[in-house]
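Let's take a friendly walk through this model, one question at a time. Have the sequence and the structure open as you read.

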Amino acid sequence: MSAPMPKTLRIDFVSDVVCPWCAVGLASLELALRRLQGEVEAELHFQPFELDPDMPAGGMDVAENLKRKYGMDDAQLAENQARIRERGAELGFTFDFNARSRTWNTFDAHRLLHWAAVEAPERQLPLKRALLVANFSEGLDISDRTVLAEIAAGVGLDAQRARAVLDGGEFADAVRAAEQFFQNLGIRSVPAVIVERRHLISGGQPPEVFERALREIAAQ
């Protein structure tokens, strides 16, 4: 008797590329999916969410922005970053909070991700990973269009086409529409992992939580 075919689940991963818990959540989800190999396969779609849609073009100081936004003091910020760094290390993701001093506007990064989904969907996941690494591990300015085009080229996308998309404003309306759609669903914080358009898993959960939830959904 042949083994049952794995169940394919649609997963919409709503997130921002300057959200550390989104990096944790993605690494955790990917580990869960590796553990579920043969049982569950994922059709991953990365959806846009801007933590700071009004972020100015030159960005803002990371620490000042976080302290202002979440009411943290220096000690709380350091504790929070230590916790994130530890969670990342457990999952093989490197957070270097000393590599960057500023946080950036992410709208162009979301346009790039949308373009990848339209023209080379198999490259959207590698692009998402690369954007998170560029921001959190390498401290690059991910609002800079030259940097974004180089990141795209690094995962096998056409750098010239990427730059044309960025400079021409393509997919801006599509990204705004997607952001509005998920806000209308009640998404106010990320990562928000929506499975089969019905089941919501919120936050940077441990792999075990994703594994258990996906197994239960697949069995339904």
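A disulfide here is a pair of cysteine sulfur atoms within 2.5 Å. Please keep in mind that this is a predicted model.

Q: Is the disulfide of cysteine 19 and cysteine 22 right-handed or left-handed?
A: Both partners, cysteine 19 and cysteine 22, are buried. The torsion about their S-S bond is about 85°, so the disulfide is right-handed.

Q: Is valine 14 buried or exposed?
A: Valine 14 lies in strand E1, which covers residues 7-15. Its contacts beyond four places in sequence include Gln47, Pro48, Phe49, Phe182 and Ile187. The relative accessible area of valine 14 is 0%, and buried means under 20%, so valine 14 is buried.

Q: What distance separates the C-alpha atoms of valine 14 and glutamine 47?
A: Along the chain these two are 33 residues apart. Gln47 is also listed among the contacts of valine 14. Their C-alpha atoms are separated by 4.5 Å.

Q: Where is phenylalanine 49 found, and is it buried or exposed?
A: Phenylalanine 49 sits in the loop between strand E2 (40-48) and strand E3 (60-61). Its contacts beyond four places in sequence include Val14, Asp16, His110 and Val190. The C-alpha atoms of phenylalanine 49 and aspartate 16 are separated by 5.2 Å, though the two are 33 residues apart along the chain.

Q: Are H4 and H5 roughly parallel or roughly antiparallel to each other?
A: Two packed helices are described by the angle between their axes and the distance between the axes. For helix H4 (residues 107-119) and helix H5 (residues 124-136), the axes come within 9 Å and cross at roughly 160°. Angles over 145 degrees count as roughly antiparallel. H4 and H5 are therefore roughly antiparallel.

Q: How do the residues of the contact of H4 with H5 divide into nonpolar, polar and charged?
A: From H4, the residues Ala109, Leu112, Leu113, Ala116 and Ala117 take part, and they meet Gln124, Leu127, Lys128 and Leu131 in H5. The residues of this contact divide into 7 nonpolar, 1 polar and 1 charged.

Terms used. Residues are numbered from 1 along each chain as its sequence is written. This is a predicted model: local features need pLDDT of at least 70, side-chain atom pairs count only at pLDDT 80 or more; totals for chains, interfaces and linings use all residues. Side-chain values use heavy atoms; hydrogens and water are left out. Helices (H or I, at least four residues) and strands (E, at least two) are DSSP runs, numbered from the N terminus. Buried means under 20% relative accessible area, exposed over 50%, partly exposed in between (1.4 Å probe, protein chains only). Contact means heavy atoms within 4.5 Å. Axes are lines fitted to C-alpha atoms, for helices over the stretch in contact, and angles run from 0 to 180 degrees between N-to-C directions. Angles under 35 degrees count as roughly parallel, over 145 as roughly antiparallel, 65 to 115 as roughly perpendicular and the rest as oblique. Ala, Val, Leu, Ile, Met, Phe, Trp, Tyr, Cys and Pro count as nonpolar, Asp, Glu, Lys and Arg as charged, and the others, Gly among them, as polar.
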